Structures are given as structure tokens and as C-alpha cells.
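Hello,

Here is the structure you are taking over. My notes on it follow below.

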Amino acid sequence: MEGTKSNSIELKKMNRKQIFRYLYGKEAQSKQDIAYALHMSVPTVAKNVRELENSGLVLDVGMFESTGGRKAQAFVFNPKAKFALGLDVTRNHVGIVLVDLGCNILYKDRIRCAFRHSPEYYKTIGELIEKTVKEYVGDGKKVLGVGIAVPAIVTENRQEMTYSSVLDPRQGVGTLHDFAEFIPYPCMLYNDANAGGFAETWNKGLMEDMIYLSLNNSVGGCIVINGKICYGTNQRGGEVGHMTVVPDGKVCYCGQRGCLDAYCNAKILSDSAGGNLEAFFTRVREGSREHQTIWERYLYYLSIALSNIRMTFDCNLVLGGYVGVYMDEYIERLQEMVVARSAFEKDGSYLKVCSYKTEATAVGAALCYIDPFLRGI
């Protein structure tokens, strides 16, 4: 008897999840449409739609136009049922996004706020979050949580940063508890490159094998294999910024020499244009010999790293981060450079540009709460 009841509950959950996933992102559907598409009875659909409606996940938006018979009710997925926030914490700035269940960005901002391991800094972050929720959500009960992406190696339980030269370890890098003291919602830490990679795969609707390179003011990576992010034994999987591309080369911020980060961080480009990355690419397009030379050198070292990564993982490579935003018009050139180093390939189409151009890291951090919520329906 107990087993029968348990099976009935599981079937009910499965039906509800199927219906919700069918409605997710679609235009209005009738109960008859849903029943036909999912091979369910109309009463089963009606019962589950009513439950989803009661929980706020589905909305009744009126009636369809009559096609000769009785008008059918129209139902849509409600992306505004829940929200999540994502933070992109860097050494000198904080990016913030507010997303709904459809991963629509409802609000985004990037403020200058230098990292300080101090109560004042964490309080500022908390106030920024509260201000955003108050202005754009209203009801804090609708907030699933806050994902905090940091340029650091993060422990498996998402509670601590074990290493981060970017955030100036001389003053301490902080823990989740430091942030959470001023954030009245669930929150967790997330490595910034992994957050960006997660947003990229989630945006495409599938977790295909890929390596995502985060070309920001520090260089990082995210490894996605068999549909899952590969964090590595010590949570250091994807730290491609510290692979050696020039033996005994330039000093990296980590203290070693010749790291990819020392040759391909975004500041190398922006610093040559008054700290403005967009201005750098404008000068490249205008034909500035100085900036074209800097760009060619950047692509040269990046192609070495990409060739090595492709040879190791044999999967798609996606370029994201600050520099990835500008890569569309240069991707063919870079593909040629990478293919020229290959012993096996003449087609570089496996090298792609990110589809997420806006605050991918912060969005990926917010998805740490959106994704499990949707999976749990």
C-alpha cells in the first residue's frame, strides 16, 4: 500500500514537471494543447495546471479566440514567480544582476567598489542587494538567493575562498559568512569562470562538452564534460590562466613566470587605451599600428593556449569575458591561428564566441539558485 502511494506521488510530480517544462518559455497554451502534446488526459492536465497556478508558476491569461466551439482558457509560464540575484566581485568593481525564472535580466549595474575584507565593504554589498530587491521585486519572499561569483578558488561547499591573489590576500579574502552577515537571503560563493561557463551552457539549453575561457582582467576557465562542470580534485579544474605559454616568461600575479594570464588578461589591452577596452578595439578598427600590434601579440599567445586545450580535451572552446564580447569580428583570424598549430585539423569551427555578452559571470551566479529551483518543480 505504501509503495503504491509513493508511486502515485512520484507520477504526480513527474506529470507536473512535464507540464511546467512544456509551458516554460512558450506562448499561451490551452489545457487541450498540453494534453495532446504530452499524451496526458485533459483532467490530469487540468489538475496539475491548477496546482501550478496556485503556486504562482503558471498564469491564466484569459481565453483564446473561438474556433467554432467553446473558448479554451490560455495558460502561460510565469517567469516573475521567483527571482535570483548574481554578483560579480572583482578587485575594483561589483557587478549585479537581477534575473527571473526565465533568466531574463531585469536589472543590471556595475559599480566601482574596491574589495576590502572589512564589515564596511560587506555592508555596502548588502545594501546594494536590498536596494535592488526593494526597487525591482518588492516582496523579498520571492528571492531564491544570491550567487556571489569571485575570482578565487572556492571550496566544494561554496563557503570559503582558499586562494585569490586577485582580491589582494594581504588583507584576507573573506568567507561566505562575511557576505551573509549583511545579506538577508540564501547565498553562496562561486568561482567566476565557472559561473560564466554555466551561464553559457544554460543559455544554450544544453550542457555540451566544452571549455569556456573567461578573458577578463584575470584569465580563468570552466570545463564542462558529460553535462557537468568538472571542478577537479582540489576545486582547481579549469585554471587555464596559469598554464605556461612562455617558459620563464613574464611574471604573473600568482608569482610564477610565463602564465597565460600574464599575456592574455584584458588589462593588457585596456591599459593601452586609457583603461578603456572599448576604446582599444576602436583604435584597432581605425588602423592604429600600435594597437594592432598589441592585439596580434595577444592573439598569438591565446592561440598557443587554445591549441593546447583543444589537443587535451578535443571539444568545443568558447571565448567569453570582457574580451570575448569583442571577438565576433576576429574569430575567423583566431581560428586560422589555432588550426595552423594542429596536427589533425583544418576546420576551426570548434572555436566559438560566447553567446552571453552581458554580465555572464553575474548571471551564472544567479543561476545557481534558478537552475535547482526549476529542476525541483
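Contact here means heavy atoms within 4.5 Å. By that rule Gly-241 touches Val-219, Cys-259, Leu-260 and Asp-261, leaving aside residues up to four places away in sequence.

Two remarks on the source. This is a predicted model, in which local features need pLDDT of at least 70 and side-chain atom pairs count only at pLDDT 80 or more, while totals for chains, interfaces and linings use all residues. Residues are numbered from 1 along each chain as its sequence is written, and side-chain values use heavy atoms, with hydrogens and water left out.

The chain as a whole

The protein chain has 13 helices and 14 strands; helices (H or I, at least four residues) and strands (E, at least two) are DSSP runs, numbered from the N terminus. Its C-alpha trace spans about 75 × 55 × 45 Å along the principal axes. Of the 377 residues, 51% are buried, where buried means under 20% relative accessible area, exposed over 50%, and partly exposed in between (1.4 Å probe, protein chains only). Among contacts with a separation of 6 or more, 61% are between residues 24 or more positions apart.

The accessible surface of the protein chain is about 18,400 Å², and carbon and sulfur atoms hold 49% of that. Areas come from the Shrake-Rupley method with a 1.4 Å probe; for residues, only the protein chains shown count as cover. There are 43 positive and 42 negative side chains, and the centres of the two sets lie 3 Å apart. Lys and Arg count as positive and Asp and Glu as negative, with His and the chain ends not counted; each charge is placed at NZ of Lys, CZ of Arg, CG of Asp or CD of Glu.

Helix α13

Helix α13 covers residues 360-375; at 1.5 Å a residue its 16 residues should span 22 Å, and the end C-alpha atoms are 21 Å apart, which agrees. The expected span is 1.5 Å times one less than the number of residues. Because 13 of its 16 residues are buried, α13 is largely enclosed by the rest of the structure.

The loop between β12 and α7

This loop, between β12 (228-229) and α7 (260-264), holds Asp-248 and also Gly-241. Gly-241 is buried, at 0% relative accessibility, whereas Asp-248 is exposed at 71%. Asp-248 has a positive phi of about 55° although it is not a glycine. Its C-alpha atom is 5.5 Å from that of Gly-258, 10 residues away along the chain. Gly-241 and Tyr-24, 217 residues apart in sequence, are 37 Å apart from C-alpha to C-alpha.

Two histidines

His-39 sits in the loop between α2 (31-38) and α3 (42-54). Its phi is near 55°, a positive value in a residue other than glycine, and the residue is exposed at 76% relative accessibility. His-177 is in helix α5 (residues 176-180) and is exposed too, with a relative accessible area of 57%. The C-alpha atoms of His-177 and Gln-159, 18 residues apart along the chain, are separated by 7.5 Å.

Regards
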